[in-house]
Amino acid sequence: MVIKVFLASSSGSTAIKKKQQDVLGFLEALKVDYAPLDIACNEDNRMWMRENVPVEKKPTNGIPLPPQIFNEESYCGDYETFFDAKEDNAVFAFLGLPPPPGSKEAKEAEKAFILENGPVENGTVEIETVESETVENGTDDAEDEENLEAEEVDEENLDDDSLKREVPMEEFNGDEHTEEVEAEVGGETGEEAAEEAAAAEEKVEKAEEEAVEDTEEATEDTAPMKQEEAQEEVEDEEAKGEDDQPVSEEEEELRQLEEEEDE
């Protein structure tokens, strides 16, 4: 695509000359290939320019003034529109050309394109997407490694617990605790363990009730014996009391007479 710049080499207007120099100098600075077409020395160029400038872009007298810019057969604009594009860093868009990679206009064009159509498949946007995916994947890999380490630690803890369960617990906590450990190792469910615990509690309650009953029976059996012993003690005390009573003079005399008769 060739950029055509229609200008007047022998124009007597200083303003027109300055505008033409401004356009050509900026195109050279951007290293844009262009073809200057003189309308002062070539009638065909002048007629072609006047015929291809859109009606709405022509002045009131119908004669467009140079410089006028075209991309092949497509009309780009006059100096005023070119100047506005230069101020907006959109000269390549004004000329209908792709901006060079890495230029400010290229970056702004990519941002505008992304806002309108989403990320592109190739180019800078794709590179940024790949970098973000790499970062995300790296984070995911790190998380996976942490999860694996946590699983290994859990397995080691399970192994330690299984070794602890293999130790004969009867030496420490008795048969009841051993039964609980065996239930865990045997793979019994929580419900079965709960049922066994309830059964054990019932056995303990029954044992306590039987012990209470035995105590009551023993108390009943020993009660009469205690009463008899108490009665015998009372009788012994009464007998002792009689023996301890003072002997009267008459009884003493009778006793002496009895002893003499016996002799």
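Helices (H or I, at least four residues) and strands (E, at least two) are DSSP runs, numbered from the N terminus. The model is predicted: local features need pLDDT of at least 70, side-chain atom pairs count only at pLDDT 80 or more, and totals for chains, interfaces and linings use all residues. Residues are numbered from 1 along each chain as its sequence is written, and side-chain values use heavy atoms, with hydrogens and water left out.

**Exercise 1. State how many helices and strands the chain has, and in what order they run.**

Step 1. The chain has nine helices and four strands.
Step 2. Read from the N terminus, the order is β-α-β-α-β-β-α-α-α-α-α-α-α.
Step 3. Of the 263 residues, 18% are buried, where buried means under 20% relative accessible area, exposed over 50% and partly exposed in between (1.4 Å probe, protein chains only).

**Exercise 2. Find which residues of helix H3 are buried, and explain why they lie on the same side.**

Step 1. H3 spans residues 79-87, and Tyr79, Phe82, Ala85 and Lys86 are buried in it.
Step 2. These residues cover an arc of only 125° around the axis, which puts them on the same side of H3; the arc is that of the directions from the helix axis to the C-beta atoms.
Step 3. An α-helix has 3.6 residues a turn, so residues three or four places apart point the same way.
Step 4. The partners of the buried residues are helix H1 (14-29), strand S3 (68-71), strand S4 (74-78) and helix H4 (91-95).
Step 5. At the start of H3, a side-chain oxygen of aspartate 78 comes within 3.4 Å of the backbone nitrogen of glutamate 80.
Step 6. After H3 comes asparagine 89, with a positive phi near 55°.

**Exercise 3. Determine whether serine 11 is buried or exposed, and what it contacts.**

Step 1. Serine 11 sits in the loop between strand S1 (3-7) and H1.
Step 2. Its relative accessibility is 12%, so serine 11 counts as buried.
Step 3. The serine 11 side chain reaches the backbone nitrogen of serine 13 at 3.2 Å.
Step 4. With neighbours within four places in sequence left aside, serine 11 is in contact (heavy atoms within 4.5 Å) with Ile16 and Lys17.

Technical notes. A polar contact is a pair of N or O atoms within 3.5 Å; within protein, one must be able to donate a hydrogen and the other to accept it, and residues adjacent in sequence count only if both atoms are side-chain atoms.
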